[in-house]
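Please read them with the coordinates open.

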There are 2 protein chains.
Amino acid sequence: MKERYDILLEKTKEIQVIGQIAMLLGWDTEVMMPKGGVIQRSEQQAFIAKLAHGKLTDSEIGKLLKEIQEHPDYDKLSDIEKRNIYLIQREYDRQTKLPSDFVAEYTRASVISTEKWKEARSNNDFETFKPHLKIMFEMTQKYANYLNPDLPSYDVLLDLYEPGMNREKYNEIFNPLKEATVELIQKCQGSEIKPDYSLMTREVPLEIQKELANDVMKLLSYDLERGRLDVAAHPFTTGDYDDVRITTRYNINDFTSSLFAVMHEGGHGCYDQNLDKELHYQPVGNYCSMGIHESQSRFYENILGRSKSFWWFYLDRFKKLTGDIFADIQYDDFIRAINKVEPSLIRVEADEVTYNLHIILRFELERDMFDGKVNLDNLPEIWVTKMKDMLGVDVENVSDGVLQDIHWSGGSFGYFPTYTLGNVYGAQFFAKLIQDIPDWDTRLEKGEVNVLTDWISENVQKRGNLYDPPELVKIVTGEYPSPKYLIEFLQEKYSYLYGLD
Amino acid sequence: MKERYDILLEKTKEIQVIGQIAMLLGWDTEVMMPKGGVIQRSEQQAFIAKLAHGKLTDSEIGKLLKEIQEHPDYDKLSDIEKRNIYLIQREYDRQTKLPSDFVAEYTRASVISTEKWKEARSNNDFETFKPHLKIMFEMTQKYANYLNPDLPSYDVLLDLYEPGMNREKYNEIFNPLKEATVELIQKCQGSEIKPDYSLMTREVPLEIQKELANDVMKLLSYDLERGRLDVAAHPFTTGDYDDVRITTRYNINDFTSSLFAVMHEGGHGCYDQNLDKELHYQPVGNYCSMGIHESQSRFYENILGRSKSFWWFYLDRFKKLTGDIFADIQYDDFIRAINKVEPSLIRVEADEVTYNLHIILRFELERDMFDGKVNLDNLPEIWVTKMKDMLGVDVENVSDGVLQDIHWSGGSFGYFPTYTLGNVYGAQFFAKLIQDIPDWDTRLEKGEVNVLTDWISENVQKRGNLYDPPELVKIVTGEYPSPKYLIEFLQEKYSYLYGLD
């Protein structure tokens with residue numbers, strides 16, 4: 001049996017190597033490729049995708065899985081080996097349950113739909129996108145049915161993006177979070193303290209911003225011997241293990257755009273770099289889930305990078321690195337500016353507090369769409385109403401409303417909730433960190449950033465995919481995921497920043 | 001039969017797509033990859049190499065080739081289709097004649113040997129490398145025997161790197177070239193004109209060198225919408241069609257190092273970009289041979305880029321682009337400096353005239369090694385003697401002698417001669433260009449660089465691999481490859497520069 005297990009893991013490793021190649025092709029496309037290369041590249045990507053699919057659905061894998069699990073010695077496998085088997089089986093089932101004709105059709109439809117979405121968004125015209133949205137919605141329902149016909153489609157999709165999750169569990173987390181957030185926003189808006197964000201828009205030359213980025217990567221222990229930083233229109237992270245690549249974009253008149261992107265992507269990047277070397281190329285040695293991945297980026301960007309303790313030591317260094325540009329700025333004004341709470345239209349530009357409402361809005365919409373309670377024809381209007389209700393803002397263009405995100409055009413229904421779940425996990429991890437290291441703040445104030453990064457690396461990142469997300473959170477914090485810690489974190493932080501009681 | 005032909009070409013295209021992926025992996029390794037990624041990358045490359053080998057030796061290809069060529073309608077195929085069949089058959093035969101165990105062993109030995117070569121070169125110690133050189137030499141003989149047991153090994157290798165070539169043909173080209181070159185060098189050295197290369201070592205800031213590179217790429221019609229320029233320790237070109245990537249390296253105290261590297265690699269790059277779009281992904285639509293590829297880089301770098309006509313118009317522009325650094329330099333002094341003839345130890349740093357002797361030396365050595373006339377133990381001493389005889393220089397370290405090139409460590413015996421063959425082809429093409437466009441020089445002096453690049457693109461580059469190199473040269477110039485044109489070109493050019501009669 002051990003021999004079969006080894007063959008199976010060899011096959012799994014090969015699939016991961018193919019995945020690494022696919023990631024390089026994707027990275028190069030966004031960051032390096034001359035634009036004329038696009039057709040050539042799409043053929044390379046299609047080839048690799050087909051190759052990967054063939055390997056993933058190789059019936060030999062199914063056979064090995066069966067033989068191993070039915071073998072009398074199966075119970076002698078270690079927990080890690082069993083978890084590997086479980087993860088390989090899960091992926092194999094997902095891949096083989098989908099008829100390959102359907103996958104091809106789905107991929108084709110999603111490419112067209114994404115093109116139409118781009119067109120619609122740039123023309124501020126929902127009608128162009130609507131028929132394609134409907135097709136993608138119907139096909140995604142079908143997709144979910146192939147995977148599990150016994151569960152409601154949306155539950156299948158939620159579990160697909162975040163193992164262990166469903167509507168019920170999300171409701172339990174999002175409902176209290178929504179209530180608390182709406183209340184907190186009102187309090188912030190009612191406060192006499194009005195953070196001045198314009199301080200952040202002073203011109204910072206590109207070269208200085210790059211130095212800042214380098215300095216921050218070093219502080220976060222993002223390893224440039226095993227990673228890179230490049231420029232991309234929409235920052236992202238790719239790669240794994242010893243070759244991880246993060247990206248940012250520079251705005252001369254808003255250094256925070258790059259600085260916090262570097263922290264965010266740096267969080268993703270550190271996770272990928274810090275996965276347990278002993279478990280590389282094993283399913284258990286990969287990242288756990290989208291939500292856990294996002295918890296790392298949010299932890300580095302928000303919990304660490306926007307904290308008052310971090311800036312207590314870093315502001316002086318920042319002022320030096322940026323020359324005289326910010327010499328006159330006071331600590332209080334600075335940390336209030338980078339944490340300004342302000343309801344706005346666009347999710348990706350939202351602050352730490354209002355962001356979650358953007359996500360909850362999308363979750364509620366998706367949930368209701370799959371429950372048949374929302375007619376897709378009315379999405380733009382419903383969007384306007386919900387934005388007004390939840391965030392108090394007026395949506396005037398569909399481009400800034402229902403058309404702002406790419407996700408639905410590719411059929412990624414059920415993905416959005418993992419973003420806020422990342423915030424939930426992150427705050428819960430942080431609450432445990434505070435228990436473990438009560439003097440974390442005084443140490444961070446002295447510049448010991450690794451007090452936080454070492455803890456999260458050891459407790460979360462190194463554990464890779466040894467557990468499904470809810471279990472991982474339980475093991476790390478002693479409790480299943482709960483919105484309580486994020487709510488408390490935000491209430492405490494913003495009470496201080498906005499002088500609330 | 002047409003159906004079988006189409007399937008065959010579909011398979012060939014897939015192999016090329018895999019090749020493109022391999023090229024991207026290689027490019028990224030040299031130019032972008034963080035150094036920690038090396039092990040991970042080698043697994044990706046090994047996977048792709050194995051995949052390519054499997055596809056290349058797919059017995060289905062052999063079956064299709066046989067069915068097509070034995071089909072009664074075979075003669076109805078067009079010349080291009082027949083050439084595709086021929087090229088696919090040639091590659092298939094090469095790939096399948098080598099036992100895969102042997103290929104694996106050969107690859108393994110070459111990796112170790114290359115490591116040992118690096119060590120030996122940096123320690124200036126031939127003994128470290130010697131046993132590995134012997135292994136590679138013996139294995140390469142075996143390699144050649146697998147490919148064709150009926151021909152002398154070195155002839156097989158020469159034909160492998162340059163279809164249509166063998167020892168006899170090289171002798172016919174290299175012997176007169178050697179004689180004429182030795183004579184020309186003596187004359188140049190005896191001249192009262194002593195070019196002052198130190199003019200070229202004035203410091204030119206990196207930013208200016210980059211602008212120069214961009215300007216030159218534009219002049220050569222290297223298309224940056226379908227290509228890139230990056231930095232690499234050893235400049236190279238990779239990619240094809242609509243995604244071609246060239247590299248250079250910058251030396252603050254020698255701008256020519258980058259400038260002529262950009263022209264050289266730009267020549268390679270233009271070739272890859274200008275292959276006939278109608279024939280992309282067909283074997284006939286690829287580059288013809290190593291020698292023809294080199295003829296393009298040498299044409300752009302030397303025949304065009306170091307010509308007095310080019311600098312007649314470009315020197316003023318160059319002076320403007322470089323600020324005041326070269327304001328005082330005279331045209332004559334400049335073109336003499338960039339064309340200075342000076343025997344030296346290192347091939348890759350040699351000038352246009354002495355370069356060919358470096359190659360002929362290697363050719364003669366390889367030829368004699370395979371003929372059993374040279375004992376590998378004595379290579380360092382033979383090297384010293386030959387360098388003294390041919391170039392009049394004293395080799396004091398093996399690192400600057402027999403250990404200077406990487407080629408033999410990887411088993412690439414028979415490759416060197418293609419470099420000088422590139423010069424031979426290039427001069428022969430140029431002689432025809434002069435016939436076709438008698439006013440080429442007055443037009444180039446006005447800045448019409450495309451008079452040369454359009455001609456070479458149309459006559460050589462676009463023809464891809466429609467013919468084997470000797471036939472291609474015959475079709476373009478009306479004559480099979482002959483050393484006459486290179487000899488005349490060099491004699492005329494350097495007689496002018498050195499004021500010889």
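The points below go from the contact between the chains to salt bridges, helices and single residues.

1. The model is predicted, and the remarks that follow should be read with that in mind. The values quoted are computed from a predicted model.

2. The contact between the two chains draws 34 residues from chain B and 34 residues from chain A. The area buried between chain B and chain A is about 2900 Å², with carbon and sulfur atoms giving 59% of that area. On the side of chain B, the residues B:Pro34, B:Gln40 and B:Phe47 supply 21% of the area buried against chain A, more than any other three residues.

3. Between chain B and chain A there are 16 residue pairs in polar contact, both residues being at pLDDT 80 or more. Helix H1 (2-31), helix H2 (38-56), strand S1 (227-231) and strand S3 (243-248) of chain B each supply at least two residues of the side that touches chain A, and the largest share of that side, 10 residues, comes from H1(B). By residue class, the side of chain B that touches chain A divides into 15 nonpolar, six polar and 13 charged residues.

4. In one salt bridge, the side chains of B:Glu225 and A:Lys35 meet at 3.6 Å, N to O. A network of salt bridges links A:Asp28, A:Arg41, B:Asp243 and B:Arg245.

5. B:Lys116 is partly exposed at 28% relative accessibility, and B:Glu119 is partly exposed at 36%. In helix H6 (residues 126-147) of chain B, B:Lys130 and B:Glu127 are likewise three residues apart, and therefore separated by about one helical turn; their side chains form a salt bridge at 3.2 Å, N to O. B:Lys130 is buried, with a relative accessible area of 16%.

6. How does the span of helix H4 (residues 79-97) of chain A agree with its number of residues, and what is its end-to-end C-alpha distance? At 1.5 Å a residue, its 19 residues should span 27 Å, and the end C-alpha atoms are 26 Å apart, which agrees. The buried residues of H4(A), among them A:Ile85, A:Leu87, A:Ile88 and A:Tyr92, pack against helices H1, H2, H3, H6 and H7 of chain A.

7. Helix H16 (residues 417-436) of chain B passes the corresponding check, since its 20 residues should span 28 Å and its end C-alpha atoms are 29 Å apart. H16(B) is mostly covered, with 16 of its 20 residues buried.

8. A:Asp230 lies in strand S1 (residues 227-231) of chain A and is buried, with a relative accessible area of 8%. Leaving aside residues up to four places away in sequence, A:Asp230 touches A:Trp27, A:Val31, A:Met32, A:Ile246, A:Thr247 and A:Thr248.

Definitions and conventions: Residues numbered from 1 in each chain as written. Chains lettered and ligands numbered in written order. Predicted model: local features only at pLDDT ≥ 70, side-chain atom pairs only at ≥ 80, totals over all residues. Heavy atoms only, no water. Helix = DSSP H or I, 4+ residues; strand = E, 2+ residues; numbered from the N terminus. Expected span 1.5 Å × (residues − 1). Buried < 20%, exposed > 50% of the residue type's maximum accessible area, 1.4 Å probe, protein only. Contact = heavy atoms within 4.5 Å. Buried area = accessible area lost by both parts, 1.4 Å probe. Salt bridge = Lys/Arg side-chain N within 4 Å of Asp/Glu carboxyl O. Polar contact = N/O pair within 3.5 Å; in protein donor to acceptor, adjacent residues only side chain to side chain. Nonpolar A, V, L, I, M, F, W, Y, C, P; charged D, E, K, R; others polar.
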